[in-house]
Amino acid sequence: MKKAYVVFRGRKPGIYKTWAECKAQVDGFSGPVFRGYESMEEAEKAFAAQDAGYASKYKDSKASYNASAKKSAVVVHKEFKPEYEGEYYEVHSDGGARGNQNKKGKMSGYGYVVVDKAHNIIAEGYGAAIGATNNQMELQGAIEGLKKVPGNAKVYFMTDSVYVYSGFAKNFPDEPRYEKWEKNGWKNTSKKTPENIEQIMEIYELGKRHSLECIPRDYETLSNGRGKYVSIAHGDVPDENGKWKNPYNKICDALANLGEDDAEAGKEGMVELIVDGKQVNAKALFVKELDDAGHGYVVDSDGNKASVN
């Protein structure tokens with residue numbers, strides 16, 4: 001019997017003493033990453049490393065945690081220092097699909113946050129859908145966020161979804177994928193039409209309209225020459241001051257969960273929380289005390305720290 005369980009990716013990542021507690025965090029969660037350990041010490045060591053990417057590669061429950069597995073990788077970090085002198089906006093988004101327990105399909109949701117150059121949130125909202133996939137929600141969250149940008153203003157974009165991020169990023173040879181696919185007649189490297197092509201073409205056109213650039217994400221360069229983005233979603237932990245390293249992403253994640261909740265209640269459609277910089281719904285979330293590193297607290301409309309884990 002396992003003595004401890006680590007949820008690397010689930011509703012609330014952490015260490016759990018029983019399978020029942022662990023199961024509650026991963027059952028029905030899209031793409032969960034978790035594992036049982038023979039001792040609490042081993043579990044704490046694994047969770048402290050936040051090694052969700054390697055944890056997903058365990059072949060079976062008897063595999064031992066190997067903290068040295070990362071030694072072949074070098075993490076590349078780039079600061080976000082916009083060079084654009086005019087007005088610009090940041091668009092952050094997230095999406096998810098919860099379980100498949102219902103005959104109607106997965107309960108799915110997305111969230112978006114649009115921030116102006118002065119770090120004021122000018123638009124925030126979430127959406128719910130029944131039966132949509134995780135990737136469809138990741139795309140839709142980004143699409144709705146981009147639609148909220150005024151005019152044809154410049155956009156800097158961030159999402160925890162590599163599926164969407166790689167469409168515009170320029171870090172690896174197969175990127176930016178959307179541009180390469182368009183030049184190839186909207187065929188991917190397998191010479192097939194990519195899934196969700198209508199959404200992909202829509203987000204690509206929105207990206208071109210706004211001269212979209214990706215906000216830099218940390219990535220690993222591996223010994224085999226390939227690269228892998230470091231997770232900013234459920235692997236994110238507060239810094240030494242208790243601030244979130246990716247606060248807008250934490251908001252988007254929380255909003256996507258609201259969308260999934262609505263879908264479970266049989267509701268579909270979009271709910272706007274902030275419109276033109278004004279709060280229109282009590283569920284709106286904000287970022288407080290954002291520092292030069294982009295770290296900040298996530299708070300509700302009363303200024304109280306919000307639970308977004």
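**Exercise 1. Find which residues of helix α4 are buried, and say what that tells you about the helix.**

Start with the list: Asn134, Met137, Glu138, Leu139, Gln140, Gly141, Ala142, Ile143, Glu144, Gly145 and Leu146 are buried in α4. Here, buried means under 20% relative accessible area with a 1.4 Å probe, protein chains only. Helices are DSSP runs of H or I with at least four residues, strands are E runs of at least two, and both are numbered from the N terminus.

Next, the count: 11 of the 14 residues of α4 are buried, so the rest of the structure largely encloses this helix.

A quick word on what you're looking at: this is a predicted model, where local features need pLDDT of at least 70 and side-chain atom pairs count only at pLDDT 80 or more, while totals for chains, interfaces and linings use all residues. Residues are numbered from 1 along each chain as its sequence is written, and side-chain values use heavy atoms, leaving out hydrogens and water.

**Exercise 2. Check the length of α4 (residues 134-147) against what its residue count predicts.**

The rule first: the expected span is 1.5 Å times one less than the number of residues. For the 14 residues of α4 that should give 20 Å, and the end C-alpha atoms are 20 Å apart, so the two agree.

**Exercise 3. Work out how strand β7 (residues 121-130) sits among its partners.**

Take β6 (residues 107-116) to begin with: 9 bridges join it to β7, and the two run antiparallel. Strands count as paired if DSSP finds at least two bridges between them.

Now look at the turn. The hairpin of β6 and β7 has 4 residues between the strands, and His119 there takes a positive phi near 70°.

Then go to β12 (residues 269-275), which is joined to β7 by 5 bridges, also antiparallel. In β12, Gly269 is the bridge partner of Ala128.

Finally, burial: 9 of the 10 residues of β7 are buried, leaving the strand mostly covered.

Conventions
Buried means under 20% relative accessible area, exposed over 50%, partly exposed in between (1.4 Å probe, protein chains only).
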